[in-house]
Amino acid sequence: MAQQPSDNLPSGITADDIPPDLWQACPQCSHLIYAPELAVELWVCSKCGHHMRLTVWQRLQITVDADSFEEWDHELPLNDPLSFPEYLQKAEQAREKTGMTEAVLTGRAKLEGIPFGIGLMDLSFIGGSMGWTVGERVARLMERAVKLRLPVVMFCASGGARMQESLIALMQMPKTSGAAGKLAQAGLPYITVLTDPTYGGVTASFAFLGDIIIAEAGAAMGFAGPRVVELTGLKMPAGVQTAEFQHEHGMIDMLLKRSQIRSELHSILRWCTA
Ligand SMILES: [Zn+2]
């Protein structure tokens, strides 16, 4: 039987009882980690190696040169073409929770002094879903990178297209794919880093179009998730939608631990822009 997250905690104590600013329980093995040490460990469990999900701010902190990030297209408004019930309220809650204005943050940054365009997605902003604003920011990131002759690194994390925007959300797939094509035509490198989890319309567009596709260890990825697949009556074999399986079967170029990503990205950028 699978171990439950609360199995290793003293009796009568649940994960909810632990002050999150002091100790954090690993979601996989329940090992208690002293919160101030999490950043030093890159939010990876020192006992079982589980890679915890990161906010875009944490990802920036461990990836780019300090104070080098400059945000682009911050002002793009949220699109609510169907006046979908409670959509705007949900977005407002997500803004307060994440400190982001949409599910993707884009801009430029430097890594060991090398400038590049960067996009980062956060699952906690409406499931990291892609609506008009997300698609537009990703497309503008790539188009501006072409003008500025910058390589692009895209950290993906998404549940798929944003249902509240219906067809408009699906139209972001060809739009972002076309923009990635412009990078290719311009001879500029496009590197994607698939983090936990990467699904749906993002998988089926810009996430898997990288010249080099990197996956973070343990990340789940696929098109339709296991619950959706099982609705069709098919049983999803265990482990298929993992970074490790996809790497073994040729869908991923590099499978990296979080501690390796910054240095590998630096090597790739240095090699590509020399
Ligand atoms: Zn653990």
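**Ground rules**

I am working on a predicted model, where local features need pLDDT of at least 70, side-chain atom pairs count only at pLDDT 80 or more, and totals for chains, interfaces and linings use all residues. My residue numbers run from 1 along each chain as its sequence is written.

**T106, continued**

I placed T106 in strand 4, residues 104–111. My strands (E, at least two residues) and helices (H or I, at least four) are DSSP runs, numbered from the N terminus. T106 counts as buried because it has 27 C-beta neighbours inside 10 Å. The scale I use calls a residue buried if 20 or more other C-beta atoms lie within 10 Å of its own, exposed if 12 or fewer, and partly exposed in between, with C-beta atoms placed from the backbone. I also checked T106 against P189, 83 residues apart along the chain, and their C-alpha atoms are separated by 17 Å.

**The whole chain**

I counted 10 helices and nine strands in the protein chain. Its C-alpha trace spans about 60 × 45 × 40 Å along the principal axes. For 274 residues a compact globule would have a radius of gyration near 19 Å, and the chain agrees, at 19 Å. That radius is taken over C-alpha atoms, and the globule rule is 2.2 Å times the number of residues to the power 0.38. I find 40% of the 274 residues buried. Taking contacts between residues at least 6 apart in sequence, 66% join residues at least 24 apart.

**Helix 4 against helix 6**

I then looked at helix 4 (residues 132–148) and helix 6 (residues 172–185), which pack at an angle of about 10° with their axes 9 Å apart. The axes are lines fitted to C-alpha atoms, for helices over the stretch in contact, and angles run from 0 to 180 degrees between N-to-C directions. Helix 4 and helix 6 are therefore roughly parallel. In this scheme angles under 35 degrees count as roughly parallel, over 145 as roughly antiparallel, 65 to 115 as roughly perpendicular and the rest as oblique.

From helix 4 the contact takes in W132, V134, G135, V138, A139, M142, E143, A145 and V146; from helix 6 come Q172, K175, T176, A179, A180, K182 and L183. I sorted the residues of this contact into 10 nonpolar, three polar and three charged. Here Ala, Val, Leu, Ile, Met, Phe, Trp, Tyr, Cys and Pro are nonpolar, Asp, Glu, Lys and Arg are charged, and the others, Gly among them, are polar.

**The core**

Which residues have the most contacts inside the largest nonpolar core? I get M142, V152, C156 and L194, in a core of 59 residues. By nonpolar core I mean a set of buried Ala, Val, Leu, Ile, Met, Phe, Trp, Tyr and Cys residues joined through C-beta atoms within 7 Å. Setting aside neighbours within four places in sequence, I listed the contacts of C156: M121, T192, V193, L194, T195, T198, V202 and A207.

Most residues other than glycine have a negative phi, and most peptide bonds are trans.

- The peptide bond from D196 to P197 is cis, with omega near -15°, and P197 lies in strand 7, residues 190–198.
- S83 has a positive phi near 45° and sits in the loop between strand 3 (70–71) and helix 3 (87–98). S83 is exposed, with 8 other C-beta atoms within 10 Å.
- I126 also shows a positive phi, about 45°, in the loop between strand 5 (114–121) and helix 4. I126 counts as buried, with 23 C-beta neighbours inside 10 Å.

I found T55 in the loop between helix 1 (35–38) and helix 2 (56–63). T55 counts as partly exposed because it has 19 C-beta neighbours inside 10 Å. Not counting residues up to four places away, T55 touches T98 and D122.

Is E230 buried or exposed? E230, in helix 8, counts as exposed, with 12 C-beta neighbours inside 10 Å. V229 is also in helix 8, residues 226–231, and counts as partly exposed with 16 such neighbours.

How values were computed:
Two residues are in contact if their C-beta atoms, placed from the backbone, lie within 7 Å.
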